[in-house]
Amino acid sequence: MPELPEVENARQVVEKALGRVIVDIDDTDTYECRPHNPGDIERALKGGMLTEACRRGKAMWCETETADGEVGPTLGIHLGMGGRIIVTAPDGEQSSTYGGGDPHVGERDTDKPEWTRFAITFDDGGQLRLFDKRRLGRVRLEPDIDALGPDAAEISRDDFRERIGSSAAPVKARLLDQAVIAGIGNLLADDILWQCALSPSRRAKTLTTDELDELRVVLRRAIRAAIRKGGVHTAEIIPFRKVDATCPRCGSPMARGTVGGRTTWWCSNEQS
C-alpha cells in the first residue's frame, strides 16, 4: 500500500488541478466511489472547484468551493495498492502523473479508459483522473481523518517521545498504528529501524530518550529522501528484504518474522 512519501507525491500532482472550474464528474464506479450512488459526487462538486490538496499520513483529500463561493464538501482520494493520479493540461496533454508503485502498471497502461475509475473534467478541457487497474482505490465525500494521529513528517519531538515511548507494544507495531502516528507503513518502518539498528520486536517503552530522538530524526530524513526519489521502495534496505539476503551494512543474514501482524525483515546481528 502507498505510504506517506507516495501519497505526498500524489498530493503534489493534485495541486495542478486546483482552481479549475469543474464541469463534469464521472463517479459511476460504485465500488471505487462507495458508499455513494452514481451522481452523488457530481452533484456535490459540479460548478465548483478544488481549492486545496491536503494530506495527513497516508490520507489525502481536497478542500472544495461551490459555484457560489461557499465552502464545499471535502473530497477524499485513496490510491489503493496501485492507483495513479493523472492530471491533464487544457490541451489534453498529460501534465502530471503519480502512482502507488504497482509494478504491473506501466505508463502505456494509462491509455486504457476502462481502468479510469473516477474523473473530474474542468472547464479548460483538462482532467483529474484516478487510474486504478486493481480497483482498490477509493473516492468519497467527507472522509474521516479525525481518527488519525499526527503526521509522521511533522510530529514534534515531545509528541513522538510520548506516543511511541509510552507503550509496551513492539516498537514496529507502535510505529504502524495510524492512530498513534500517521503515515508509516511496513517498508518505511523496516527501513528506519534498520537505520537505527533497533530490533522491531523491542518493547517501545524500553527505548531511551536518545533512541527515541534518533528514531524520529531518521524517520523524518527517510521520508524526505523517499519523497525526493519517488517512494519508499528506493530505501537502501528494501532490496535486501528477501530470503538469503545479507545486511548491506555488516553482511549478516537478514532475518524474517511477523511483528504487529506484518511481515518484517531485520539484520540478525545488529538488530538482535
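This is a predicted model: local features need pLDDT of at least 70, side-chain atom pairs count only at pLDDT 80 or more; totals for chains, interfaces and linings use all residues.
Residues are numbered from 1 along each chain as its sequence is written, and side-chain values use heavy atoms, leaving out hydrogens and water.

Reader: How much area do domain 1 and domain 2 bury between them?
Author: Buried area is the accessible area (1.4 Å probe) that two parts lose on being put together, summed over both. Of the area here, 65% is on carbon and sulfur atoms. The total for domain 1 and domain 2 is about 790 Å².

Reader: Which residues in domain 1 lose the most area to domain 2?
Author: Three residues together account for 54% of what that side buries. They are Leu4, Pro5 and Lys58.

Reader: How many salt bridges does the rule find across the interface?
Author: The rule asks for a side-chain nitrogen of Lys or Arg within 4 Å of a carboxyl oxygen of Asp or Glu. Across the interface of domain 1 and domain 2, the number found is zero.

Reader: Why is the pair of Trp115 and Phe131 edge-to-face?
Author: Rings of Phe, Tyr and Trp (its six-membered ring) pair if their centres lie within 6.5 Å; planes under 30 degrees apart count as stacked, over 60 as edge-to-face and the rest as tilted. The ring centres of Trp115 and Phe131 are 6.0 Å apart. The pair is edge-to-face because the planes stand at 70°.
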